[in-house]
Amino acid sequence: MQRRQLGPDGLTVPEIGLGCWQLGGGWGNDWNDDVARQTLQMAVDSGVRFIDTADVYGDGASERSIGRFLAGRTGTDIVVATKLGRAGIYPDGYTRASLREATQRSLERLQVDALDLTQLHCVPTDVLRQGHVFDWLRELQQEGLIRRWGASVESVDEGMICLEQEGLASLQVIFNIFRQKPAEVLFPRAVERKVGIIVRLPLASGLLGGKITRATTFRADDHRHFNRDGAMFNVGETFAGLELERGITAIEQLAPLVPAGMTMGQMALRWILDHPAVSVVIPGASRPDQVRANVDAAAVPPLPAALHEQLAGMYRAHVRDFIRGPY
């Protein structure tokens, strides 16, 4: 995999990482630390060097799994990014003390002395505008508890607020063939500010994997069932904010555009990597074989300009005006 710059301090990482929300478990499932270990091992063996987690994933279980996996490894260049701001803090518990306590807990679970990167985890827009949270992160950085800080945001507007903050290393955004808006304004500003872009939900909750059909059903404890209309959290985190039927219709328009010899998922990941502002893409994986399939997309050559134009046209005609939630 090619390495790309992440932030202004010269850090580089391979362009495909691992999102650890699903790591060894999932909605309503018991945490399986052995599967987590196997998945992490496959990622490292496949060249992944950027791992993204959060303190709220599995109520800390994701961080603990990563901490156990990395414990005792010396000379590694693996970058672990975590997030804070949801567990026990959201929506109105943002204080200097609460961010410090969350940071200390992540340090303990990950078994490290300093966090490589910590990110505000989709905190309310008003909290971002007030700006105190950024000051508190700077203090933690000055104390050596965190090396870099960034923000995971829900909308372009939130991202633009964050980009005005000195010291911001990264922005994590939802960006995929069904969520093209960040490339219009946010990415150019991020490049200007030398802020890294971390892309989550590259396959739109599996829609862009090409295997979800009108006959697909989801377990009651799967967010694609209980949050498909935003009942529990931002609807944009599920199917890119599209109603499922609308998403499947868009997939049907997309399918004929997939080049021969390429899967829809590979095309979707390659489309993201074709944007030079992107530092790293973090598809999730709950099994080792999924990691391997995601990494293989890095070997796919850039998509032709004509295909990019077709995908932009499909987005404008069948997706853009139907996205719900902050965007």
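This is a predicted model: local features need pLDDT of at least 70, side-chain atom pairs count only at pLDDT 80 or more; totals for chains, interfaces and linings use all residues.
**Around R4**
- You'll find R4 in strand β1, which covers residues 3-5.
- The side chain of R4 has a polar contact of 3.0 Å with the side chain of E15.
- Leaving out residues up to four places away in sequence, R4 touches L11, T12, V13, E15, R270, L273, H275, P276, V278 and S279.

**Helices α1 and α11**
- Helix α1 (residues 33-45) and helix α11 (residues 288-296) have axes that come within 8 Å and cross at roughly 25 degrees.
- So α1 runs roughly parallel to α11, since angles under 35 degrees get that label.
- The crossing of α1 past α11 is right-handed.
- On the α1 side the contact uses Q38, T39, M42 and A43, while α11 brings in P288, V291 and R292.
- Sort the residues of this α1–α11 contact by type and you get four nonpolar, two polar and one charged.

**Helices α9 and α12**
- The axes of helix α9 (residues 244-254) and helix α12 (residues 305-318) come within 11 Å, crossing at roughly 150 degrees.
- That makes α9 and α12 roughly antiparallel, because the label goes to angles over 145 degrees.
- α9 passes α12 in a right-handed crossing.
- R246, A250, Q253 and L254 of α9 meet L311, M314 and H318 of α12 here.
- By type, the residues of the α9–α12 contact are four nonpolar, two polar and one charged.

Note on methods:
Residues are numbered from 1 along each chain as its sequence is written. Side-chain values use heavy atoms; hydrogens and water are left out. Axes are lines fitted to C-alpha atoms, for helices over the stretch in contact, and angles run from 0 to 180 degrees between N-to-C directions. Helices (H or I, at least four residues) and strands (E, at least two) are DSSP runs, numbered from the N terminus. Angles under 35 degrees count as roughly parallel, over 145 as roughly antiparallel, 65 to 115 as roughly perpendicular and the rest as oblique. A crossing is left-handed if the near helix is turned anticlockwise from the far one by less than a right angle, and right-handed if clockwise. Contact means heavy atoms within 4.5 Å. Ala, Val, Leu, Ile, Met, Phe, Trp, Tyr, Cys and Pro count as nonpolar, Asp, Glu, Lys and Arg as charged, and the others, Gly among them, as polar. A polar contact is a pair of N or O atoms within 3.5 Å; within protein, one must be able to donate a hydrogen and the other to accept it, and residues adjacent in sequence count only if both atoms are side-chain atoms.
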